[in-house]
Amino acid sequence: MQNRPEPASLLIADISGYTSYLAGVELDHAQDILADLIDTVVSGLRPMFRLAKLEGDAAFAYALTPTIDGSALQDTVEGTYFAFRRRLRDIQQASRCDCNACMLIPSLDLKLVVHHGEIVRHRIARWEELVGPAVILVHRLLKNRVVEDLELKAYGLYTQACIDAAGIDPVAQGLRRHVEATDIAGDVVVWARDLGALWAADESGARFRVTDKTAHATYVLDGPAPPMLVWEYLTSPVRRPAWGTGITSVDEVSPSGRRGVGTVNHCMHGKDAIIEEVLDWHPGLTVTTRTRLPIPGVPPLVRTDDLELLPDGGTRVTFRIGKPKPKDRAAFDGAYPSVEPIVIQTAHGIASAANEEFARRAAAPAEPDVPASRERFLTGPVSIRPAAER
């Protein structure tokens with residue numbers, strides 16, 4: 001590390017409502033809940049972002065990069081928010097306490113602000129300290145008029161500088177334009193995403209996925225890499241050459257310019273192309289694709305990849321291949337024995353590449369400690385979906 005300017009993406013995740021929440025609750029339970037939620041937020045931001053410091057009820061993180069993948073960035077922001085909301089729900093369900101701290105959990109929410117600019121890193125004792133106008137600006141933008149002007153309580157807020165560095169088309173991708181007046185940079189154009197609306201739509205919407213009941217074959221792999229890193233290797237075309245044997249190029253076509261439902265990937269293997277269409281998309285949790293292989297007689301393969309956070313912070317990935325339509329059954333049964341080795345090789349390749357990347361990142365300098373929860377609440381996820389939908 002040198003004391004010189006470096007381009008970086010800066011992110012602050014702030015638990016909104018916590019100050020007023022503290023005013024009328026029992027401090028011991030409130031601090032335990034805060035520790036639990038902060039740990040959830042920091043885990044969601046990794047591995048794209050490194051934790052710079054904890055600031056009370058907020059986490060300040062950064063990624064050293066001149067540009068950033070816009071789809072992966074938004075997946076990280078939205079995946080972190082979804083993990084936060086799931087954790088709120090799990091704590092509320094797990095608690096048998098009727099104190100104010102536990103009863104008022106639903107009043108908490110999360111906002112995330114992202115900026116891109118130059119920073120300077122200083123080493124102070126064991127930790128890095130980030131300085132520069134970009135650091136000041138991203139903190140200033142925490143105090144904004146988004147709630148008043150856009151009527152958003154939970155949101156992801158991206159500065160125009162971040163939008164440019166990420167190559168995001170904000171209008172095509174449904175972000176809302178807003179202008180914030182600041183004392184250090186004048187009027188700053190920002191773009192907002194309503195995270196609360198996304199969460200509500202995700203919870204109420206039907207999922208298109210292969211389940212245990214509809215699966216022809218299921219493969220399960222456990223590894224130390226966290227879910228969002230595995231997700232990155234599963235979904236980013238830039239990562240495919242690390243695990244896809246013989247891939248010469250990947251052409252990604254997304255209607256809005258962002259990966260998600262409707263994205264079509266053309267994976268070239270020399271003159272042959274594997275066409276993969278995304279049917280369902282929940283960042284860090286599950287993705288379903290329909291793949292057409294360049295093998296005569298093989299019907300399209302529908303596959304769902306489910307990611308589950310393990311107690312040690314690693315990931316269990318469950319790959320399910322869907323049963324074919326009745327009209328395709330004979331062709332499928334005849335061809336799948338020759339296709340299965342490719343499916344297994346792909347699954348192991350993704351897991352291996354993500355785990356190797358995790359090992360490399362684990363060797364990087366340590367990040368600040370996150371306060372430990374006393375684990376009064378459940379450590380695993382609690383599903384409210386009917387068993388038939390899981």
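Which residue stands opposite tryptophan 127 in strand 5? Isoleucine 124 takes that place. The model is predicted: local features require pLDDT of at least 70 and side-chain atom pairs count only at pLDDT 80 or more, whereas totals for chains, interfaces and linings use all residues. Residues are numbered from 1 along each chain as its sequence is written, and side-chain values use heavy atoms, with hydrogens and water left out.

Helices (H or I, at least four residues) and strands (E, at least two) are DSSP runs numbered from the N terminus. Strand 4 and strand 5 pair in the antiparallel sense over 5 bridges; pairing requires that DSSP find at least two bridges between two strands. Strand 5, residues 127-131, has Glu128 and Leu130 on its covered face, and Trp127, Glu129 and Val131 on its uncovered one.

The interior may be considered next. A nonpolar core is a set of buried Ala, Val, Leu, Ile, Met, Phe, Trp, Tyr and Cys residues joined through side-chain atoms within 4.5 Å; buried means under 20% relative accessible area, exposed over 50%, and partly exposed in between (1.4 Å probe, protein chains only). The largest such core has 39 residues, and Phe49 and Leu73 are those with the most contacts inside it. Helix 3 gives the most to this core, with 8 residues. Phenylalanine 49, neighbours within four places in sequence aside, is in contact (heavy atoms within 4.5 Å) with residues including Ser9, Leu11, Ile68 and Leu73. Apart from this core lies another, of 33 residues, among them Tyr219, Cys267, Phe319 and Val339.

Rings of Phe, Tyr and Trp (its six-membered ring) pair if their centres lie within 6.5 Å; planes under 30 degrees apart count as stacked, over 60 as edge-to-face and the rest as tilted. The count by this rule is 3 aromatic pairs. Phenylalanine 82 and tryptophan 199 have ring centres 5.7 Å apart and planes at 65°, so this pair is edge-to-face. The pair links distant parts of the chain, helix 3 and helix 8, across 117 residues. Phenylalanine 332 and tyrosine 336, with centres 5.2 Å apart and planes at 15°, are therefore stacked. These two residues lie 4 residues apart in helix 10, about one helical turn.

Two backbone features remain. Most residues other than glycine have a negative phi, and most peptide bonds are trans. A cis peptide bond, with omega about 5°, joins arginine 46 and proline 47. Glutamate 151 has a positive phi, near 60°, and is exposed at 68% relative accessibility.
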